[in-house]
There are 4 protein chains.
Amino acid sequence: MSGNTFGKLFTVTTFGESHGPALGAVVDGCPPGLPLSEEELQRDLDRRRPGTSRHTTQRREPDQVKILSGVFEGVTTGTSIGLMIENTDQRSKDYSTIKDQFRPAHADYSYHHKYGIRDYRGGGRSSARETAMRVAAGAIAKLYLATQGITVRGYMSQLGPIEIAFKEWGAVHDNPFFCPDPTRVAELEAYMDQLRRDQDSVGAKVTVVAEGVPPGLGEPVFDRLDAELAHGLMSINAVKGVEIGEGFASVAQRGSEHRDEMTPEGFLSNHAGGVLGGISSGQSIVAHLALKPTSSITTPGRSIDVHGNAVEVITKGRHDPCVGIRATPIAEAMMALTLMDHLLRHRAQNAEVRVETPVLR
Amino acid sequence: MSGNTFGKLFTVTTFGESHGPALGAVVDGCPPGLPLSEEELQRDLDRRRPGTSRHTTQRREPDQVKILSGVFEGVTTGTSIGLMIENTDQRSKDYSTIKDQFRPAHADYSYHHKYGIRDYRGGGRSSARETAMRVAAGAIAKLYLATQGITVRGYMSQLGPIEIAFKEWGAVHDNPFFCPDPTRVAELEAYMDQLRRDQDSVGAKVTVVAEGVPPGLGEPVFDRLDAELAHGLMSINAVKGVEIGEGFASVAQRGSEHRDEMTPEGFLSNHAGGVLGGISSGQSIVAHLALKPTSSITTPGRSIDVHGNAVEVITKGRHDPCVGIRATPIAEAMMALTLMDHLLRHRAQNAEVRVETPVLR
Amino acid sequence: MSGNTFGKLFTVTTFGESHGPALGAVVDGCPPGLPLSEEELQRDLDRRRPGTSRHTTQRREPDQVKILSGVFEGVTTGTSIGLMIENTDQRSKDYSTIKDQFRPAHADYSYHHKYGIRDYRGGGRSSARETAMRVAAGAIAKLYLATQGITVRGYMSQLGPIEIAFKEWGAVHDNPFFCPDPTRVAELEAYMDQLRRDQDSVGAKVTVVAEGVPPGLGEPVFDRLDAELAHGLMSINAVKGVEIGEGFASVAQRGSEHRDEMTPEGFLSNHAGGVLGGISSGQSIVAHLALKPTSSITTPGRSIDVHGNAVEVITKGRHDPCVGIRATPIAEAMMALTLMDHLLRHRAQNAEVRVETPVLR
Amino acid sequence: MSGNTFGKLFTVTTFGESHGPALGAVVDGCPPGLPLSEEELQRDLDRRRPGTSRHTTQRREPDQVKILSGVFEGVTTGTSIGLMIENTDQRSKDYSTIKDQFRPAHADYSYHHKYGIRDYRGGGRSSARETAMRVAAGAIAKLYLATQGITVRGYMSQLGPIEIAFKEWGAVHDNPFFCPDPTRVAELEAYMDQLRRDQDSVGAKVTVVAEGVPPGLGEPVFDRLDAELAHGLMSINAVKGVEIGEGFASVAQRGSEHRDEMTPEGFLSNHAGGVLGGISSGQSIVAHLALKPTSSITTPGRSIDVHGNAVEVITKGRHDPCVGIRATPIAEAMMALTLMDHLLRHRAQNAEVRVETPVLR
């Protein structure tokens, strides 16, 4: 309950700092009998892994996950699953300059005021490195959801000023940006190369889609599926906005245009993004998230130190010039974790519900 | 945990249907010694109350709240506070047509698949009438936050296509739209009058601002302040998007532009919306929410019935042509509840933290 | 989370003071489709109701429960169920003497230190009157459990020094003590009559039994079924001890004697009380609880006032000379709520488990 | 929420099987600034460690704990603390006999019905080995509580039929039984030696005492301090009963005898065990727990296999003939964790309460 746990029935509790010995997670509530191996988790971890292209941080971490419990003879037992990734590339450096300074737009200042102490090495707990465990836990959720016919996939829909229309899922993994249109990749590479020369960073937009979700997931009032999705997605480092379906475009729409009409053959549109009254409708769940530009840039910035004195801060080290580039697997993980939790919650209460009405898509 | 509770330490649990005997809430975790009366709660309830202008639903509900427990001799005792509002204007009508049909873009279809049964009278539990209890509970949170120097206020920042720049707090309560610019009210009235003639509905955008929030509220990783704010705000009926600070505008921004630099005199900007690394920075917390157009319009729409047959549905009854108009007090309530919960959570763990670094605004 | 909620999936949140306007509860997570009426809840409430014999408090409360939400056309809808009981016999009296004094062995002193304020009228929130809502909520759980073949029943197994061996369920409701042996009732009546003449009070022991519980309920490690039962039962006013199965008698037993052997025809004994490793075994769940003597007796006692001065306190008013007498329905309620919560939790995770091994009883 | 987490604000989430690669825990919610090292945790782990006398299991585990996160420069940072103990003495053996059989009075049968699968090596998750992580987490709680003047200590108060009156804290750690009376140790040794010759096991009773607890800890109604203590203590393997203060002896007591009178110099007795109305009174918190005899004995027992056939089971391996012998540090840990959680919960809500009434002891 102190911030490091996500979910109510399928829970993920994480620990670990950027420059500590290891990151870890406990995944509790996984149904028994699910085939699970380190290799399967590794696939998603490798998609998030740093240092795989010149457009991301050059920290070299294998992010090799170990399963410490909860799996016996290749399948889950229903007990808690311990996961661990050891940090290997914690390049030692001199922190004496930054230990008493607050990097602008970082969590340094707010952590300092909250706790009175912070692990200043590489951002400590506020580092995006923490998201590795979300991806590992999310991979377990994805594997189970797949057994239920549910898939969760994402892509980059905007890089800085460059909007990217969806073309094909097949293209997403053929480039370092999770770009769904192969014809746009060169443009993105050129943009990123210029950005590095400018010693600056930029924001991005990521879209996540869940297909095959049965109608009925989500709880009324406060724990709506879209509300918990917003919680999960907004909890990712650097996210500043979340939309479900049409999102902010709904503001200027009229009801006659926005409402998704139904026919026996299916819904005629999906402006709602697959959620009605907080509960899944059976259509694809569609969410968009806005990621701010990385705060760690080498251009000097004005700030203060712990005594309140003015200082000029230069953020050195190995940083992503666009955190959005590696965010797609993390967003998928948070959507998968949210759906998994709600699938179990729905089952708990409504196991006996039988409905004859056909499921529309 | 089944959806009708919000918060972890300052919790609100609600019940009640649109056409049932009463709505109610239990507010648990309120600090003792807070002066509290029904009159104080009523002020916010009256701001959300239907039927106060021609631009909202004509249902006439006094929304008179009763305090049933937790207050003794005019102050809170620290025990759970029971609240109740009796429904008085549950106009009886013939539901035989709609009981087996799903109104397009309503929760009818998703509730039916979830529970196999639904209270079809006026939307039952999925009715926006449920938000009355959020406002009552939020008013308690606001009263306590005020004792700590924290204020939570909101306004309408867009009505359909009409964007409204913030002018002055004083203007917000002088018009039925919570419009912060008195010179724009006539335009809004004209727009709404035309909308009613068109028998259509429209979306809106609401902005909420918390001032005086101390730095340090929010928990790392999953329970970030912005993530829980997103949860709370997205849980409001009809909300399809949430932004913190610059929100989706961050996508196209560069780090050198977005980052909020600090000087001993204060922050130089507030693109972050008052949250750094998920923890309040001491700046104003700023959130925007997108509300979709009301689904209940009198223009016929295509749908299906419980047997899967095609039907044409006309939504009669008394409905808001723009749910966003009455949403400002609800958004304030959800922000107040979120801050209140995090204030208590922060205190629990960090009561002994003393920091000499000055608080910037 | 602040103390007034029980359960994780089937949750009960209560409010209300002894001398306030009403008691209430919100029951969340009930499966939809369960037939439910006020009459069915009233049956259990009447079993707990004060003033039905000369051996309990003479406060005359009809304890008439109202269902305010969550039930439509006679069945539950799956949304939160609001319950309320109005207080009618709040005899006004002069509290000026006791408002600044702490009655010995009451919650007065601990509430005062916790909250700095307390509702001194009749014990406020710490009054056993609060348990009425537990019984109402427990009655809902019992009704659902009955649809699954599970019954929860209790009886008084000791009154002060008088131990009562179980004879027959049929006898339990034919006397005001929930005594399972009709031949012992006269002895109990004589004991209580003498106790009242002595102006004293006495403790009691109650036994609760759940039959028909399927194997598999309960979670490993911390949320074991027996641990959560102990939580629920110990949370009843005046309870000072809880045993599962043999309880404290296990201390002096040897393993060869205590262990419950199994044959294809069933278990050969039930020393464990139906729980193995924290998970139900399919045998009857058996729990015993010890209730202390009522603290409210008319014999004067030494105490202090809020200023720390010595005072002599006489507790007037209408009190139960043995709170254990009315405790049986409350204990049943807490066991039913615990089982209900665990039934739903088990379903959530293990819905797909199929086992060929026969269930032993 | 799926069973492997304890606490609401100071939470402990554990994982690990008896014969898996490691045990681990995540401790979340610890106040920042607490000096913490592996050595300090090791002290309590060594007290629980197997193989330190001939009276406990001969499994040889160093139980060496590693801190993986949440501590920086020797003090806690307020973020989640990852703990790990690698299993080193997982003696490989042939499990083919027992994998399809249920050992009587073990969790084998109930786990099998719950999950349809179980890790049969050494009991898997149901092994008492799991309690090592409780002790490590409890040691953190103890260290913090010590900074608040609160100490938690325990001792063995009964071994099988031998009752042990408390003599002195100093004696407790000078013998392998946590016996508080040095004159009784020889008797205990002789009893245990005979028990091993009998190839049998026996139960025990352990008493835990917390001193220096301020009045006010505990929440009303469901989350009473005694109820959550009962939860925590009953969740320990083999515990079948929990008493607070006088416990079951209260049943036969009269109110005039049981009630703890107060004078300006202090309470005149502590029958209540330090809890009034579920809230700490400032007196010592006293709890007793009954542990059943170990089920693993080498005397053959009747049982069934997974197909329902009758089998005779002999439990080989290295087992404690009396699990109660090593239970004292575990009981202390669960009481410390419960108090720690309630200390933080109390602070959250009541940080501003100031009371002039003196604290009695």
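Buried area is the accessible area (1.4 Å probe) that two parts lose on being put together, summed over both. The model is predicted, so that local features need pLDDT of at least 70 and side-chain atom pairs count only at pLDDT 80 or more, while totals for chains, interfaces and linings use all residues. Residues are numbered from 1 along each chain as its sequence is written, and side-chain values use heavy atoms, with hydrogens and water left out.

**View 1. The interface of chain A and chain B.** About 9500 Å² is buried between chain A and chain B, carbon and sulfur atoms giving 60% of this area. On the side of chain A, the residues that lose the most area to chain B are A:K114, A:F222 and A:K240, which together account for 10% of what that side buries.

**View 2. A salt bridge between the chains.** A:E261 forms a salt bridge (a side-chain nitrogen of Lys or Arg within 4 Å of a carboxyl oxygen of Asp or Glu) with B:R302, and their closest N and O atoms are 3.6 Å apart. Across this interface of chain A and chain B, 8 salt bridges are found.

**View 3. The annotated residue A:R48.** The unreviewed UniProt entry places the feature "binding site" at A:R48 and A:R54, although such annotations may be inferred rather than shown by experiment. A:R48 is buried (under 20% relative accessible area), with a value of 2%, and has contacts (heavy atoms within 4.5 Å) that include A:D63, A:R129 and A:R326.

Key
Chains are lettered from A and ligands numbered from 1 in the order in which they are written. Buried means under 20% relative accessible area, exposed over 50%, partly exposed in between (1.4 Å probe, protein chains only). Lists of a residue's contacts leave out its neighbours within four places in sequence.
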